[in-house]
Amino acid sequence: MTRASIVKWLSTGVDRVLPARPGVTVLIYHRVGGGSRSQVDLPLADFERQLDHLAQVGDVVSLDAALSRLAAPDDGQRSVVLTFDDGTADFTDHAVPALVARGLPATLYAATKFIDEDRAFPWDAPPTSWAALRDAIDTGLITVGSHTHSHWLMDRLDPMTVDADLDRSIELIEHHLGRRPQHFAYPKALPGSVQAEIAVRRRFASAALARSRVNRPGRTDVHRLWRTPIQRSDGFEFFQAKASGGLRLEGELRSAVSRLRYRGASR
Ligand SMILES: [Zn+2]
């Protein structure tokens, strides 16, 4: 059994008995149809099946709409927000057309250095381009936020480096896409240092971490939004449970594993 499957096996039994929770579930995708063996690179057919399910349930909203809901009193409604990290070419090649075909909104958190310098992401994933992102925004369904410029982990940088990196990312998105990014996601979903978090709060209307939890109206710090990672090995049933706000224990276990893994890394 791999570590991931042990986490799943441990958590599924508990999570199955927990009902779907009202609030906002934010899903994290990375790649779609990229053809790599990465756990976060979903075959296009799997992704389309997930979108068909979400479109049928009918609770996908934009990040901005979800933030308005979170600021309002709890009305017992459920909603799902789709987010993508990094800005690989497969996002605009495969994910955007699938989203547009179903009229579903999504947010991309772009690591701007890779796009601006045409640098490959891990797994040799080519970056998307500013032109392709402009086309995506023109559909009216895609929002582009920041995922830093350099994809550095924000918990171990000096404050000046953090400021410069965030500002570079904002400046490039504003210059190439014509609008200042309002939303931010921490690289590797790791929280920043105290100073980094202050820098993020000052610049963005929201910021996202990872943890498979539902964000509850009136009880959510929108600069620490919980996001639920979607992985290739999830399978459809597991995906449905995640999208309905289940699988909380899996989220807890996975974030504990992730904190250990990145403890000594710099990016
Ligand atoms: Zn990333």
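Modeller: Start with His223, which counts as buried because its relative accessibility is 12%. Buried means under 20% relative accessible area, exposed means over 50%, and partly exposed lies in between (1.4 Å probe, protein chains only). Before we go on, note that this is a predicted model, where local features need pLDDT of at least 70, side-chain atom pairs count only at pLDDT 80 or more, and totals for chains, interfaces and linings use all residues. Residues are numbered from 1 along each chain as its sequence is written, and side-chain values use heavy atoms, with hydrogens and water left out.

Biologist: Where is His223 found?

Modeller: His223 sits in the loop between strand 8 (206-208) and strand 9 (228-229). Helices (H or I, at least four residues) and strands (E, at least two) are DSSP runs, numbered from the N terminus. The protein has ten helices and nine strands.

Biologist: Which residues does His223 touch?

Modeller: A contact means heavy atoms within 4.5 Å. Leaving aside residues up to four places away in sequence, His223 touches Tyr186, Arg201, Phe204, Ala205, Ser206 and Ala207. The C-alpha atoms of His223 and Ala207 are 4.2 Å apart, although the two residues are separated by 16 residues along the chain.

Biologist: What do burial and contacts look like for the protein as a whole?

Modeller: Of its 267 residues, 51% are buried. Among contacts between residues at least 6 apart in sequence, 69% join residues at least 24 apart.

Biologist: Does Arg134 count as buried or partly exposed?

Modeller: Arg134 counts as partly exposed because its relative accessibility is 38%. Arg134 belongs to helix 6. Arg134 touches His176 and Leu177, again not counting residues up to four places away in sequence.

Biologist: Which residues are the protein donors of the zinc ion?

Modeller: Donors are N, O and S atoms within 2.8 Å of the metal (3.2 Å for Na, K and Ca); water is not among the atoms, so sites may look incomplete. Here the protein donors are Asp86 (OD), His147 (NE2) and His151 (NE2), at 2.1 to 2.2 Å from the zinc ion. Their spacing along the chain is D-x60-H-x3-H. Asp86 in strand 4 (residues 78-86) and His151 in the loop between strand 6 (142-146) and helix 7 (159-177) are 65 residues apart, a pair that links distant parts of the chain. Asp86 is buried because its relative accessible area is 13%, and His151 counts as buried at 13% relative accessibility.

Biologist: What should I look for in the backbone?

Modeller: His151 has a positive phi, near 60 degrees, in a residue other than glycine. Thr148 is not a glycine either, and has a positive phi of about 75 degrees. Thr148 lies in the loop between strand 6 and helix 7 and counts as buried at 0% relative accessibility.

Biologist: At what angle do helix 2 and helix 4 pack?

Modeller: Axes are lines fitted to C-alpha atoms, for helices over the stretch in contact, and angles run from 0 to 180 degrees between N-to-C directions. Helix 2 (residues 44-57) and helix 4 (residues 89-102) pack at about 25 degrees, with axes 10 Å apart. Helix 2 and helix 4 are therefore roughly parallel (under 35 degrees; over 145 is roughly antiparallel, 65 to 115 roughly perpendicular and the rest oblique). In helix 2, Leu44, Phe47, Glu48, Leu51 and Asp52 meet His94, Ala95, Ala98, Leu99 and Arg102 in helix 4. By class, this contact has six nonpolar, one polar and three charged residues. Ala, Val, Leu, Ile, Met, Phe, Trp, Tyr, Cys and Pro count as nonpolar, Asp, Glu, Lys and Arg as charged, and the others, Gly among them, as polar.

Biologist: How do the axes of helix 4 and helix 6 cross?

Modeller: The axes of helix 4 and helix 6 (residues 130-138) come within 10 Å and cross at roughly 20 degrees, which means that helix 4 is roughly parallel to helix 6. Phe91, Thr92 and Val96 of helix 4 make the contact with Ala132, Leu133 and Ala136 of helix 6. By class, the contact of helix 4 with helix 6 has five nonpolar, one polar and no charged residues.
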